[in-house]
Amino acid sequence: MKTPDKHAYHWRTHNPGRVLSGALRRFEQRVMDLMSEAGHSETRRWHVNLTRHLDLDGTRITDLARRSAMTNAAMNELIGQCEDMGLVERVADPADKRARIVRFTGVGLAWLDAFGRAVAVAQQEMEDEIGSGGMTVLLKDLAGYAGSAE
C-alpha cells in the first residue's frame, strides 16, 4: 500500500470540531484542576456531564440522558457515582410517582458554587490569553452556532 499524502489529510486535525474538542478538553481540565485545588478532587470531567445538564429544581433521568447524549443505563451509573459523593439524590417525581427526579443535595449545591468559581477563573485565564474581544466574539458566535444546530 502506498503511504498516504499527509497534506491531503490535513483537515483531520485542522477543522472546527477538532479545535473545539481540544479547547473544551483544555478548559475542562483547568476547571477540574482548580476544583481539586479547592478540595474537590473526587469529581472527574464525566461527572460534569451530569451536573451541567441538571436543572436546579431537578431533572428526570431520561431527560438527563438525552441532554447528555448518553444511554439511560450509563446515566444511571453516573448518577450513582454522584450520589456516592453526596452531590445528588433521586426522589420521586411529583407528577409521576413511577419516574425519578435527580436533584442537587446541599453538598451538591456547595460543590456547584465551587465549580462556578473554578469556571470563572478558567474563563478569565482564557480571556487573558485570547483577549476580551476574542472572548466576546467566541461566546456570542458559538452560542449562535450551537443554537442554530438544536
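**Pocket and helix packing**

Mentor: Helix 1 gives eight residues to the lining of the largest pocket, the largest share. Helices are DSSP runs (H or I, at least four residues), numbered from the N terminus. The model is predicted: local features need pLDDT of at least 70 and side-chain atom pairs 80 or more, while totals for chains, interfaces and linings use all residues. Residues are numbered from 1 along each chain as its sequence is written, and side-chain values use heavy atoms, without hydrogens and water.

Trainee: How much space lies in the largest pocket?

Mentor: Rolling a probe the size of a water molecule over the atoms shows where empty space is left. Here the largest pocket holds about 530 Å³. On a 1 Å grid over the protein atoms alone, with a 1.4 Å probe, a pocket is an open set of points with protein on both sides within 12 Å along at least five of seven lines, and lining residues have an atom within 4 Å of a point. The volume is the space filled by probe spheres set on the points, which are joined across faces, edges and corners.

Trainee: Which residues lie nearest the centre of the largest pocket?

Mentor: Of 18 lining residues, these are L24, F27, M126, L139 and L142. Helix 1 (16-37), helix 5 (106-130) and helix 6 (132-149) each supply at least two of the lining residues. The lining has 15 nonpolar residues, one polar and two charged.

Trainee: At what angle do helix 1 and helix 5 pack?

Mentor: Two packed helices are described by the angle between their axes and the distance between the axes. Helix 1 and helix 5 pack at about 130 degrees, with axes 9 Å apart.

Note on methods
Ala, Val, Leu, Ile, Met, Phe, Trp, Tyr, Cys and Pro count as nonpolar, Asp, Glu, Lys and Arg as charged, and the others, Gly among them, as polar. Axes are lines fitted to C-alpha atoms, for helices over the stretch in contact, and angles run from 0 to 180 degrees between N-to-C directions.
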